[in-house]
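Have the sequence and the model open, and take the points one at a time.

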Amino acid sequence: MTVAIKKVGVIGSGQMGNGIAHVAALAGFDVVLNDVSGDRLKSALATINGNLTRQVSRQTISDAERKQALDRISSAETLDALADCDLVIETAVEKEETKRKIFHDVCAVLKPEAIVASNTSSISITRLAASTDRPERFIGIHFMNPVPVMELVELIRGIATDDVTFDTAKAFVSKLGKQVAVSEDFPAFIVNRILLPMINEAIYTLYEGVGNVEAIDAAMKLGAHHPMGPLELADFIGLDTCLSIMQVLHEGLADSKYRPCPLLVKYVEAGWLGRKTQRGFYDYRGDKPVPTR
Ligand SMILES: CC(=O)CC(=O)SCCNC(=O)CCNC(=O)[C@H](O)C(C)(C)COP(=O)(O)OP(=O)(O)OC[C@H]1O[C@@H](n2cnc3c(N)ncnc32)[C@H](O)[C@@H]1OP(=O)(O)O
Ligand SMILES: NC(=O)C1=CN([C@@H]2O[C@H](COP(=O)(O)OP(=O)(O)OC[C@H]3O[C@@H](n4cnc5c(N)ncnc54)[C@H](OP(=O)(O)O)[C@@H]3O)[C@@H](O)[C@H]2O)C=CC1
């Protein structure tokens, strides 16, 4: 059994939030996009319009569909605007305390039957669910970046998630035209349990001087046919998010093989978070990315 989803709230309008709002609106859902920053919301709407326009120019959607999708998205700086949502997807920064505060505040305004989901990359769904008034209607819906392009969404049940919530989330993901992979609730789930240690190892390879940025990325692109090199991908994901995921793996599985590379820590401490701050393993401020090591 599923419940009807018509209106979707998206909390956090960064790269994942704008992608989730984009695909949900294109699939016919009404969307309320929330962020603490009005500037972020403006730039998220501009990004969504840019990505939709590119889809029009590639003839994957019509201009009328672009306009309808944009009309379905409203933006809000406060959580009150999410009160009549049937499903809310939190996709703010990968910090457990921030997410817990958001769930506390949003549950206070939501109708009791609304489903609450997190797009967390790594944090325990059971633990996040326990910070809400509705653990049975809480679930992990984990999209991949870039959301409009990637086919997969991981679904993660917490210990209390009920069948209706799971079936409704599954139907929602399939209405977006994406495939589901079901993961048990272990640190970083499936994709990031495998992908992030690989990225962390690439950073150790750089840290130990085995190769420079260009050599490491070229090796994995040309030698293993990865679409992006691991350092380019780390910059794309965001180095703060990469570090948070490694910390969750390290703490949650208590195994030294997940120790975040000190060089990753240093980049994050410098505020060099990758593409979103224009500097990470590459410097994006010029015409083309230049390696920083
Ligand atoms: C951290 C987590 O919790 C989980 C994660 O998400 S881990 C990250 C998972 N993602 C990846 O591993 C991405 C790896 N990279 C890739 O697959 C590819 O490099 C890529 C799809 C991002 C770009 O592909 P590309 O062939 O180099 O570029 P390009 O030809 O310009 O783009 C391919 C398509 O993606 C679209 N695209 C590229 N970047 C985009 C973006 N940021 N947003 C929206 N669409 C985008 C392009 O418009 C293009 O669409 P069409 O095929 O309809 O024309
Ligand atoms: N990057 C990736 O490849 C993937 C990330 N994820 C997960 O998605 C989530 C978001 O990641 P991503 O989009 O990359 O991060 P970004 O840093 O791009 O965006 C996060 C957004 O959340 C906003 N924000 C912070 N606090 C709040 C709050 N209290 N209420 C509302 N909005 C808030 C931030 O605003 P401000 O900047 O003003 O603080 C920012 O706009 C994380 O949990 C991440 O792990 C999942 C899959 C892939």
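Which helices each supply at least two residues of the shell around ligand 1? They are α2, α7 and α9; helices (H or I, at least four residues) and strands (E, at least two) are DSSP runs, numbered from the N terminus.

1. **How to read this note.** Please keep in mind that this is a predicted model, in which local features need pLDDT of at least 70 and side-chain atom pairs count only at pLDDT 80 or more, while totals for chains, interfaces and linings use all residues. Residues are numbered from 1 along each chain as its sequence is written, chains are lettered from A and ligands numbered from 1 in the order in which they are written, and side-chain values use heavy atoms, with hydrogens and water left out.

2. **The two domains.** The protein is assigned domain 1 (7-183) and domain 2 (192-291); such bounds come from an automatic or database domain assignment. Between their C-alpha centres there are 26 Å. Nine residues from domain 1 and seven residues from domain 2 take part in the contact, where contact means heavy atoms within 4.5 Å.

3. **Around ligand 1.** Here 17 residues surround the ligand, and the closest are Arg58, Ser121, His142, Asn145 and Asn192; a residue is near a molecule or strand if one of its heavy atoms lies within 4 Å of it. The shell holds ten nonpolar, five polar and two charged residues. For this count, Ala, Val, Leu, Ile, Met, Phe, Trp, Tyr, Cys and Pro are nonpolar, Asp, Glu, Lys and Arg are charged, and the others, Gly among them, are polar. Each of domain 1 and domain 2 contributes at least three residues to the shell around ligand 1.

4. **Polar contacts of ligand 1.** A polar contact is a pair of N or O atoms within 3.5 Å; within protein, one must be able to donate a hydrogen and the other to accept it, and residues adjacent in sequence count only if both atoms are side-chain atoms. Arg58 places a polar side-chain atom 2.2 Å from an oxygen atom of ligand 1. Asn145 uses a backbone N or O atom, 2.7 Å from a nitrogen atom of the ligand, and the side chain of Asn192 has an N or O atom 2.8 Å from a ligand oxygen atom. On its own ligand 1 exposes 1,000 Å², of which the protein buries 64%. Accessible areas come from the Shrake-Rupley method with a 1.4 Å probe; for residues, only the protein chains shown count as cover.

5. **Around ligand 2.** Turn now to the other ligand, which 26 residues surround; Asp35, Arg40, Glu94, Lys99 and Ser121 are the closest. Oxygen atoms of ligand 2 lie 2.8 Å from a polar side-chain atom of Lys99, 3.1 Å from one of Asn119 and 2.6 Å from one of Ser121. The protein covers 85% of the 900 Å² of accessible area that ligand 2 has on its own.

6. **What builds the shell of ligand 2.** Two or more residues come from each of α1 (15-26), α4 (96-107) and β6 (138-143). Which element gives the most? That is α4, with three residues. The shell divides into eight nonpolar, 13 polar and five charged residues, and at least three residues come from each of domain 1 and domain 2.

7. **Helix α9.** Helix α9 (residues 230-237) is largely enclosed by the rest of the structure, because eight of its eight residues are buried. Buried means under 20% relative accessible area, exposed over 50%, and partly exposed in between (1.4 Å probe, protein chains only). The cover over these residues includes α1, α7 (191-207), α8 (213-224), α10 (239-253) and β9 (282-283). Just after α9, Gly238 takes a positive phi of about 115°.

8. Gln55 lies in helix α2 (residues 38-57) and counts as buried because its relative accessibility is 18%. Leaving out residues up to four places away in sequence, Gln55 touches His22, Leu26, Thr60 and Ile61. Ser183, in strand β8 (residues 179-183), is buried at 6% relative accessibility. Val149, by contrast, sits in the loop between β6 and β7 (152-157) and is exposed at 56%.
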